[in-house]
Structure formats: C-alpha cells, structure tokens
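Dear colleague,

I am handing over a structure that you have not worked with before, and below it I have set out what was found. Please read the notes with the model open beside them.

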Amino acid sequence: MCDVTSPFCPLPRSSLLFNLAAQRDKLEAILNMIELLYEGKDGTSGSLKSAGGSAIKAGIDALKGCIGKVLWFCVDIPSLGYGRLTNRNNPQLYGTDKERQLYNQSNAYKELLDTCRAEKFGINVFACGSKEMDLASLRAFASTTGGELYYYPHFTSSAYSCPHNSAGEKLHYDLHRNLTRLAVYNVLLRARCSVGLEVSKYLGGFGDSVESVVRVSCMNADQSMGFLMRQRNKLKVDGLAYVQFAVLYTMATGESRTRVFNYAFRVTDSLSTG
C-alpha cells in the first residue's frame with residue numbers, strides 16, 4: 001500500500017493476522033526485513049519522514065469487525081500522509097496572534113478515534129523518539145480508547161540493543177507487560193447509589209465522563225477508575241447507604257462476562273467517626 005494520503009488495508013484480515021505460536025517465523029522475518037530496509041538510516045538528515053497516521057489508519061481498517069488492541073511504535077512525529085502533524089515548537093509565534101495556530105492539529109485523528117470506539121479496540125502508543133513527538137496528539141489515542149502512552153525520551157536504536165541501557169530495558173519490560181497482562185474489551189461500566197445519593201462523574205484513563213454508562217474499548221489489569229458521588233437528600237444518621245458497581249465486558253476469547261460489586265456504608269455526621 002503506497003498511497004499514504006488515502007490509506008487502506010490492501011489485504012483481507014485473514015491474510016494479515018496469524019497465530020503467533022504456530023507461525024512465529026513470519027513475524028521475525030518481517031521484523032528482520034524492516035531492520036534491513038532502514039539499516040544505517042537514523043532520520044537525522046531529514047530524508048526520512050514518518051507516515052504513522054497512514055499506518056495506524058490501515059491497521060484500524062484491518063481490525064474492523066474484531067476486538068483487540070493495536071500497538072503503535074513511532075520514532076518521529078507523523079509528518080507525511082494521512083493525519084500528518086506539524087511541529088508545534090515554534091518560538092517565533094509565541095506571544096503573537098498566530099500562536100493559536102499551534103493548538104490546531106489534524107482532524108483525521110478524531111475520525112480514527114471514533115472508529116476505534118465503534119469497533120471496540122484500544123490503541124497503545126510507544127513513543128521512542130529522539131526529537132519532537134507531539135505527545136498531546138498521540139496521547140488522545142490512548143486516553144480515549146483505554147490504551148496507554150509509553151514515552152522514551154532521547155531513545156535511539158542502540159539503546160535497545162545495549163543490555164545495560166535503562167531506556168532499552170524499560171521498553172522491553174513495558175512491551176512484555178502490555179502483551180501478557182489480562183485485558184478485556186468492549187467494556188460497559190455503571191455505578192448506582194441508594195436514595196439520597198447520586199453519581200456525578202466517572203474518573204479514569206478514558207477521561208472524565210458524566211454519562212450514566214461509561215463505554216471503554218479496552219481495560220487492563222494495571223488500570224483503575226473511580227467515580228464521584230454527591231448527596232442530594234438528607235440521609236439518616238447511623239443508617240446505611242448502598243453503592244452498586246456493575247461491569248460488562250468481553251474476554252479476548254470472545255466470552256462475555258458481568259461482574260457486580262455491592263457495598264454498604266454507615267452514615268455519620270462526624271468526620272472523626274472511625
């Protein structure tokens with residue numbers, strides 16, 4: 001697929017996805033091929049540009065119709081093709097009327113995020129750049145789909161190959177953890193309270209939500225969330241207040257599960273009461 005302006009998935013999903021345990025040699029062959037293609041090229045001369053937006057668009061198209069997650073490794077700001085970004089670090093615009101231009105980036109990412117939420121899979125971004133990365137734009141993929149953003153500043157290819165380099169070691173263990181930890185998909189969350197209380201806001205890696213039901217494409221064992229309650233009516237002192245938290249999700253195997261948590265709290269009018 002050479003059209004980076006209007007990217008698409010060139011092959012059906014069945015031709016691109018395979019069982020890693022049974023065909024690991026295919027993945028290693030692709031990784032070795034990529035290494036040979038860019039051997040001796042570090043991009044510092046400006047001759048190499050990143051079409052990361054186009055790549056993630058094609059990857060999302062390939063996963064349509066199935067649950068899962070995408071791991072996006074980027075070493076430079078996506079500056080070519082679909083969803084290209086510009087360097088916002090322009091001191092000449094600071095304090096001028098044109099400074100507001102630095103806050104406007106590609107609208108293509110909003111379309112991609114809407115697709116991710118609709119198709120129920122998350123995006124994990126591994127930013128391994130030695131230059132400007134525009135983490136604010138890249139973070140939107142992780143924060144709105146239930147994924148994560150990993151940042152390794154001043155990262156180089158030699159950092160990973162050196163066993164005693166902290167950046168390479170961190171990438172190794174972050175990637176291992178991301179692939180092996182428990183993750184669930186197509187998550188629906190809702191909290192309910194007894195009379196006199198109400199849930200005002202949900203807080204989590206997906207951003208703040210004031211909807212009654214929170215929908216997240218992906219959640220994993222390292223993530224947590226919370227919610228804020230507020231009192232609407234007078235509660236009886238020494239009585240009980242009840243909270244119920246329900247989660248509906250789909251396992252990687254396709255099995256749907258529901259978990260319900262019920263809590264009872266003693267009402268008090270004193271903050272010093274144990």
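Please keep in mind throughout that this is a predicted model. I begin with a pair of residues in two strands: Tyr185 has Cys218 of β6 as its bridge partner. Strand β6 itself, made up of residues 214–220, is mostly covered, with six of its seven residues buried.

Elsewhere there is an open sheet of three strands, arranged in the order β1-β2-β3 with parallel pairing. Its edge strands are β1 (68–74) and β3 (149–151), each of which pairs on one side only. On average, and with direction ignored, neighbouring strands of this sheet are turned by 15° against each other. Looking at one of the pairings in more detail, strand β2 (residues 121–127) runs parallel to β3, and three bridges join the two; in this part of the model, Ala127 stands opposite Tyr151 of β3. A helix also belongs to this picture, for α5, formed by residues 135–145, lies across β1, β2 and β3 and runs at about 150° to β2.

The next topic is charged side chains. How many salt bridges does a search of the whole structure find? The search finds 10, and I describe three of them here.

Glu28 has a relative accessible area of 38%, which is why Glu28 is classed as partly exposed.

Another salt bridge links Asp61 with Lys57, whose closest N and O atoms are 2.9 Å apart. These two residues lie in helix α3 (residues 52–63), again four residues apart, about one turn of the helix. Are Asp61 and Lys57 buried or exposed? Both Asp61 and Lys57 are buried.

The remaining example is the salt bridge between the side chains of Arg181 and Glu148, at 2.7 Å, N to O. Arg181 lies in the loop between α7 (166–180) and β4, while Glu148 lies in the loop between α5 and β3, so the pair ties together parts that are 33 residues apart in sequence. Arg181 counts as buried because its relative accessibility is 8%, whereas Glu148, with a relative accessible area of 22%, is partly exposed. Through salt bridges that share partners, Glu148, Arg177, Arg181 and Asp222 are joined into one network.

Finally, I would draw your attention to Gly254, which is found in the loop between β8 (240–250) and β9 (256–266). Since its relative accessibility is 45%, Gly254 counts as partly exposed. Although Gly254 and Cys66 are 188 residues apart along the chain, their C-alpha atoms are separated by 9.3 Å.

With kind regards

Notes. Residues are numbered from 1 along each chain as its sequence is written. This is a predicted model: local features need pLDDT of at least 70, side-chain atom pairs count only at pLDDT 80 or more; totals for chains, interfaces and linings use all residues. Side-chain values use heavy atoms; hydrogens and water are left out. Buried means under 20% relative accessible area, exposed over 50%, partly exposed in between (1.4 Å probe, protein chains only). Two strands pair if DSSP finds at least two bridges between them. Axes are lines fitted to C-alpha atoms, for helices over the stretch in contact, and angles run from 0 to 180 degrees between N-to-C directions. Contact means heavy atoms within 4.5 Å. A salt bridge is a side-chain nitrogen of Lys or Arg within 4 Å of a carboxyl oxygen of Asp or Glu.
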